[in-house]
Amino acid sequence: MASLTDQEYVQACLTHCLYGDRPVPTLTGRLDWARVHELASQHKLTGILYCLGTERPDLWPPSLQQRLRKDYAAARLWGELCSEEVRRALSALRAGGIPAVVLKGWALIPSLYGGDPGLRMCGDMDLLVRPQDAARADDLLRGLGYSAGVEPWPGSDWRYGNARVYRRPRTPWPFADPFAVATHWHLLDTPYFFDKIDSDALVERSEAALVTGVEARELGPEDHLVYACGHLALHHGYEDALHRYYEMAALIKRAGPAFDWEAVALRAAEWRLVVPAQRVLAHLQTLWPGIISASPWEQISALRPGISERLVHGWVVREKENHAARALLAWLTMPRAGARWRYLLENAFPGPDYLQQRYGRAPGSLWPLHYLTRIGLAGKYAMEAVR
């Protein structure tokens, strides 16, 4: 067998984890084990490789396994501490009668990682709730001691956004950032998608899941896959993250023959996520050929994105770090014209609490002076957006 690069070897290890009958290749050349560890850390795969090394101690030198063990122990400590927070939040929402759908990492830990939080590092928990349950979820989380950031005006998040982030300072807590819970009432943060993706239907189609021992919900596998494609594209700019592709492949493998590829194509078209689905799944095919059989792939490849989807997709991906451009896109794509003007007014002239949190105390406690600061910054951001 030809010698493998470090990247190819890491990918071969993942292939073995996905397909148990495909062995980890025998090495014919020397690998840079420090580089292997670097790649595993970069792609958030150290826990997976650590477990593989405990099963097959002949795969790599003890020095690498020792480094992987330290990484796993740190991730496990973080995961166990966070599990307590996850359990508290989910228990409160369940007791309050709110069907909460756990998204991404904490939904995957029990389903793909055997319930071991050391194998999948999660800095926060994302939940999808029905729009009509968002205010009640806010009350329940605040009752646990969580708090959210100050809004420009009360209710701004619910009127114009897709999510609200809550944090609860905890002592002792051995990490720099407190654990965060984000409640979403829309899957994606660009208003263009708000009326394209029906949150009520997502919750209705969701499946029962046991997360940290609490009964919760998770997206159906088809919804999860399309959402994962959209999230990787629009939130992470198609970052090269092997753990995300591994999780998509594992999701498909776990569902088996029951996986409904026709539903995937339907969701991608309905949610205006054709471009992300095609690009991400095409790369998934290059990593693990055959993970998508020929007929479903032909159906997905035949989809044609509309002009509006292509424009929004290009804008979001290109301007991922340009907050002024993203704010302009949010304003332009709000579903209702009346909401656009109210959003513009509220953000141009936010309330005193928001101004003082954002800019500090004004001279002589004359908080309206901060409007001058805000106008100056708005001009600066507008010029950046134009450039």
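This is a predicted model: local features need pLDDT of at least 70, side-chain atom pairs count only at pLDDT 80 or more; totals for chains, interfaces and linings use all residues.
Burial here denotes a relative accessible area under 20%.

Strand S5 is joined to strands S2 and S4. Strands S2 and S5 run parallel and are joined by five bridges; in this pairing, Asp124 has Ala180 of S5 as its bridge partner. Strands S4 and S5 also pair over five bridges, but in the antiparallel sense, with Thr183 of S5 as the bridge partner of Arg164. In general, the strands of a sheet pair through backbone hydrogen bonds, in either a parallel or an antiparallel manner.

These strands belong to an open sheet of seven strands with mixed pairing, arranged in the order S3-S4-S5-S2-S1-S7-S6. The edges are formed by strand S3 (147–148) and strand S6 (207–211); each has a single partner strand, so one side of each is left without a neighbour in the sheet. Elsewhere in the sheet, strand S1 (residues 101–103) and strand S7 (residues 214–218) pair in the parallel sense over two bridges, and Val102 has Glu218 of S7 as its bridge partner.

Helices pack on this sheet. Helix H5 touches S1, S2, S6 and S7, and its direction makes about 90° with that of S1. Helix H4 (residues 62–95) lies across S1, S2 (124–128), S5 (180–184), S6 and S7, running at about 85° to S7.

In helix H3 (residues 46–55), seven of the ten residues are buried, so the helix is largely enclosed by the rest of the structure. The buried residues are Thr46, Gly47, Ile48, Leu49, Tyr50, Leu52 and Gly53, and the buried residues of H3 pack against helix H1 (6–18), helix H2 (33–42), H4 and H10. In helix H6 (residues 134–143), the buried residues are Ala134, Ala137, Asp138, Leu140 and Leu141. The buried residues of H6 pack against H4, helix H7 (156–160), strand S4 (163–167) and S5. Helix H6 is followed by Gly145, which has a positive phi, near 100°.

Empty space within the model was also examined. In general, rolling a probe the size of a water molecule over the atoms shows where empty space is left. Of the 14 residues that line the largest cavity, Leu108, His224, Ala228, Arg244 and Glu247 are the closest to its centre. Helices H5 (105–112), H9 (221–234) and H10 (242–255) are the elements that each give two or more residues to this lining, and H9 provides the largest share, six residues. The lining of this cavity comprises seven nonpolar, three polar and four charged residues.

The second largest pocket has a volume of about 240 Å³. Its lining consists of 13 residues, of which Lys44, Thr46, Asp71, Ala75 and Met121 lie nearest its centre. The elements that give two or more residues to this lining are H3 and H4, and H4 gives the most, with three residues. By class, the lining of the second largest pocket has six nonpolar, four polar and three charged residues.

How values were computed: Residues are numbered from 1 along each chain as its sequence is written. Side-chain values use heavy atoms; hydrogens and water are left out. On a 1 Å grid over the protein atoms alone, a cavity is a set of points where a 1.4 Å probe fits but cannot get out, and a pocket is an open set with protein on both sides within 12 Å along at least five of seven lines; lining residues have an atom within 4 Å of a point. Helices (H or I, at least four residues) and strands (E, at least two) are DSSP runs, numbered from the N terminus. Ala, Val, Leu, Ile, Met, Phe, Trp, Tyr, Cys and Pro count as nonpolar, Asp, Glu, Lys and Arg as charged, and the others, Gly among them, as polar. Two strands pair if DSSP finds at least two bridges between them. Contact means heavy atoms within 4.5 Å. Axes are lines fitted to C-alpha atoms, for helices over the stretch in contact, and angles run from 0 to 180 degrees between N-to-C directions. Buried means under 20% relative accessible area, exposed over 50%, partly exposed in between (1.4 Å probe, protein chains only). Grid points are joined across faces, edges and corners, and a volume is the space filled by probe spheres set on the points.
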